[in-house]
Amino acid sequence: MKEHKARKRFGQNFLQDTRIISDIVNAVRPQPDDIVIEIGPGLAAITGPLAGKLNRLHVCEIDRDIVKRLKTLPFADKLVIHEGDVLQFDFNSVAGKKKIVGNLPYNISTPLLFRLADVADDVTDMHFMLQKEVVERMVAAPKTNDYGRLGVMLQYFFDMEMLIEVPPESFDPAPKVDSAVVRMIPVKHRIGEAADFGHFSKLVKAAFHQRRKTIRNNLKDIASDDDLQAVGISPQDRAEHIAPELYVKLSNYLVQKAV
């Protein structure tokens with residue numbers, strides 16, 4: 001089979017470390033009847049072992065040459081190939097509770113994670129390879145340098161854990177950054193339920209807009225000192241010192257106050 005050259009515009013780095021591949025498949029724990037969607041199958045490093053354990057495997061791939069390649073593999077009859085940009089893919093078009101797995105292109109990882117939050121209700125779990133720095137931000141606790149908007153917003157939907165650290169030499173070509181595998185399990189209302197999710201989302205974005213400023217300064221057009229104190233937030237605190245639950249609480253307090 002003709003060798004496939006990694007394409008920079010698609011953010012392609014192909015996993016080739018057999019131990020890491022085995023660890024990822026073991027973490028996913030695929031059962032024959034599971035509904036599994038793999039994002040970016042690439043040269044099928046994870047696709048093959050997954051297909052070996054599943055009756056059917058859905059794959060999302062944007063690269064036409066890789067799509068052609070996938071159709072020639074020995075297990076091609078098990079694959080349902082969705083060709084195109086995963087950012088445009090309708091995950092709800094695959095019916096049932098889904099497991100989603102993938103070595104995500106780093107250049108689209110953040111917008112894709114926010115999109116996946118929208119389908120969390122129909123997901124059992126997700127396992128993704130991402131830039132290690134992104135995973136650290138996703139799982140970060142308050143009062144740490146990595147804690148920020150990404151972590152708060154994803155922790156609203158998911159319980160998350162960094163499972164495996166992956167060095168650059170596990171890929172071909174080797175990326176310039178370390179990678180890590182994260183497990184994301186949807187948990188409804190784990191930090192509370194926002195009465196108005198749009199309001200909550202805008203509030204969190206404003207809170208972390210300028211990290212060096214106090215929460216009082218960042219939210220001056222949204223909440224007064226009295227509003228902050230009413231839900232247990234000190235106006236002098238910085239955004240990274242405030243627990244995710246308190247952002248939900250503040251948003252709900254402000255929404256209720258405006259009624």
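These notebook entries record what I looked up in the predicted model above.

**Basis**

I number residues from 1 along each chain as its sequence is written, and I leave hydrogens and water out, with side-chain values resting on heavy atoms.

**Entry 1: domains and their interface**

I looked up the domain assignment of the protein chain and found domain 1 (8-186) and domain 2 (197-258); such bounds come from an automatic or database domain assignment. Taken over C-alpha atoms, the centres of domain 1 and domain 2 are 32 Å apart. To the contact (heavy atoms within 4.5 Å), domain 1 contributes 12 residues and domain 2 contributes 15 residues.

I then took the buried area, which is the accessible area (1.4 Å probe) that two parts lose on being put together, summed over both. Between domain 1 and domain 2 it is about 1100 Å², and carbon and sulfur atoms give 74% of that. On the side of domain 1, Tyr147, Arg149 and Met153 lose the most area to domain 2, and together they account for 45% of what that side buries.

I searched the interface of domain 1 and domain 2 for salt bridges (a side-chain nitrogen of Lys or Arg within 4 Å of a carboxyl oxygen of Asp or Glu) and the rule found 0. For polar contacts, the rule gave 4 residue pairs across this interface, both residues at pLDDT 80 or more. A polar contact here is a pair of N or O atoms within 3.5 Å; within protein, one must be able to donate a hydrogen and the other to accept it, and residues adjacent in sequence count only if both atoms are side-chain atoms.

**Entry 2: salt bridges**

I counted 10 salt bridges by the rule. Side chains of opposite charge can pair when their charged atoms come close.

I examined Arg64 and Glu83, whose side chains meet in a salt bridge at 3.9 Å, N to O. Arg64 belongs to helix 3 (residues 64-70) and Glu83 to strand 4 (residues 79-83), so the pair links distant parts of the chain, 19 residues apart. For these elements I use DSSP runs numbered from the N terminus: helices are H or I of at least four residues, strands E of at least two. Arg64 is exposed at 64% relative accessible area, while Glu83 is partly exposed at 47%; buried means under 20%, exposed over 50%, and partly exposed in between (1.4 Å probe, protein chains only).

I next traced a network of salt bridges that links Lys132, Glu136 and Glu165. The closest N and O atoms of Lys132 and Glu136 are 3.9 Å apart. These two residues are separated by about one helical turn because they stand 4 residues apart in helix 5 (residues 132-139). For Glu165 and Lys132 the closest N and O atoms are 3.1 Å apart. Glu165 lies in strand 7 (residues 158-166) and Lys132 in helix 5, so this pair ties together parts 33 residues apart in sequence. Glu136 is partly exposed at 27% relative accessible area, and Glu165 is likewise partly exposed at 49%.

**Entry 3: Asp178**

I located Asp178 in the loop between strand 8 (171-172) and strand 9 (179-186). Asp178 is partly exposed, with a relative accessible area of 40%. Beyond its neighbours within four places in sequence, Asp178 is in contact with Gln131, Lys132, Val166, Pro167 and Pro168. The C-alpha atoms of Asp178 and Gln131 are separated by 6.1 Å, although the two residues are 47 residues apart along the chain.

How values were computed. Predicted model: local features only at pLDDT ≥ 70, side-chain atom pairs only at ≥ 80, totals over all residues.
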